[in-house]
Every structure is written in C-alpha cells, then in structure tokens.
Amino acid sequence: MKYYILFGPPGAGKGTHASVVTERFNLKHISTGELLRSEIAAGTELGKHAKTLIDAGSLVPDAVVEGMLESVFNNTTGYDGFLLDGFPRNISQAQDLDKILAARGEKVNAVIGLMISDDTIMARIKKRAAIEGRADDASETTIKHRIDTYHSVTEPLIEYYTNTDNYHQVRVEEPTIEGNQVILRALLDKIA
Ligand code: ADP
C-alpha cells in the first residue's frame, strides 16, 4: 500500500483538493478532522471529549487520532493506498506514524505540501465559516490560535519530511479551485 500525506495550514484546501490526489493514485482519503467531526455528530464518548478541544481550535490528543487512523488502515480494502489529510499534525504524530507503518512493512511514500499565506488562511476560513458552519471557523480568535498552532507544532514537519527526501510543495494562492488544481496536478505529474 502507498501512504501519501496532504500537508498544509488550515484553510489551504486539503479537503477541497484531496480528490485530485486520491483519483490519481486510487487512494482512500482519511481526514482526521472529518473523522472527529463524525464522532461528534454521532454523539460518541470520543466525540464528546474531542468537541471542546476542536471548538477551541486546539489539537486532540495524539493517541485518540492515531487510534482512529489505525482503525481505518485495518478496515479498508479496494484501494492502492491512503491519503492522510490533517495528520500528522506534530512531530510525535509523525514519529508514531513511522512506527505504525514500519510495523506493517510500509512507509510514507510522499508528502504534498499546500502552501498559502496567513492572510489567505484567515480570508478562506472566514468564507468557509458562512458555508459549512464549523464552530472552529466562527471566531477570529480561534482561527488565530489554529494558525499559531500550525506555525509552532505542525510546520516543523516540513523539515522532518524534507530530511527524508519525500517532501513536495506548491503554493495554492490562485483565486479559483480550478486554478489551484492545475498547479497541484502539475506537481503530481512529477511525483508519479
Ligand atoms: P483544518 O485543516 O481547517 O484545521 P481539520 O478538519 O484538519 O481542519 O481539523 C479540525 C480540528 O480537528 C483541528 O483543529 C483539531 O482540533 C482536530 N484535529 C484534526 N486532525 C488532528 C490531528 N492529527 N491531531 C490532533 N487534532 C486534530
């Protein structure tokens, strides 16, 4: 199985662009944020615990997210691999992922970084708030907290994966989804 990571700050368009990558490589899309929001919607214990953290724009404990991820790894058939979206979010999750994959005789095949400026993050998330109604998109303070968390604990992953030579990055600041898809497809041509 292939393991791809779609990396980038909140609002970069990971969810929007995931299908471009999954269709190209026949991958199962795993968004840890989506999995958590499903748990909240279903009213599970996990969801109840995660909701307060997510609504405040803080990260959920590593073990919680990794448990959900492994469960999808173990229960998926019919794909050539996985596209991880929103995971890993910090260095310890990346190290844990390496261990989880090593135990399966696998490794991360490529990391695709979608980059936008902090101003674009703020603008895009405010626009999304009106459409999707996510509590963590609703307040500027929460968005700022997520941007700070991205820079302090998530961004160091760029160096982590650059060191393993499988990090590929593009800027996706085009005003339209289609425009950014063209940029992303060109990058995938180079990875494939
Ligand atoms: P965005 O990319 O806009 O931040 P996500 O859907 O990826 O949206 O994540 C929403 C929230 O879910 C995060 O702010 C965090 O609270 C939680 N979350 C998602 N993935 C992880 C993860 N890998 N580790 C910890 N928390 C996570």
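Asn 26 counts as partly exposed because its relative accessibility is 32%; on this scale, buried means under 20% relative accessible area, exposed over 50%, and partly exposed in between (1.4 Å probe, protein chains only). The model here is a predicted one, in which local features need pLDDT of at least 70, side-chain atom pairs count only at pLDDT 80 or more, and totals for chains, interfaces and linings use all residues. Residues are numbered from 1 along each chain as its sequence is written, and side-chain values use heavy atoms, with hydrogens and water left out.

Back to Asn 26: this residue sits in the loop between α1 (14–25) and β2 (27–31). Helices (H or I, at least four residues) and strands (E, at least two) are DSSP runs, numbered from the N terminus. Asn 26 isn't a glycine, yet its phi is positive, at about 55 degrees. Most residues other than glycine have a negative phi, and most peptide bonds are trans. Asp 165, also not a glycine, has a positive phi too, near 65 degrees. Its loop runs between α9 (156–162) and β5 (167–171), and Asp 165 counts as exposed because its relative accessibility is 70%.

The backbone has a cis peptide bond as well, joining Phe 87 and Pro 88, with omega at about -5 degrees. Pro 88 is found in the loop between β3 (81–85) and α5 (91–103).

Next comes helix α6, which covers residues 118–132. How far apart should its ends be? With 15 residues at 1.5 Å a residue, the helix should span 21 Å, and its end C-alpha atoms are 20 Å apart, so the two values agree. The expected span is 1.5 Å times one less than the number of residues. Thr 120, Ile 121, Met 122 and Ile 125 are the buried residues of α6, and they pack against α7 (135–138) and α8 (140–154). Just past the end of α6, Gly 133 takes a positive phi of about 70 degrees.

Helix α7 holds Asp 136.

Notes. Contact means heavy atoms within 4.5 Å.
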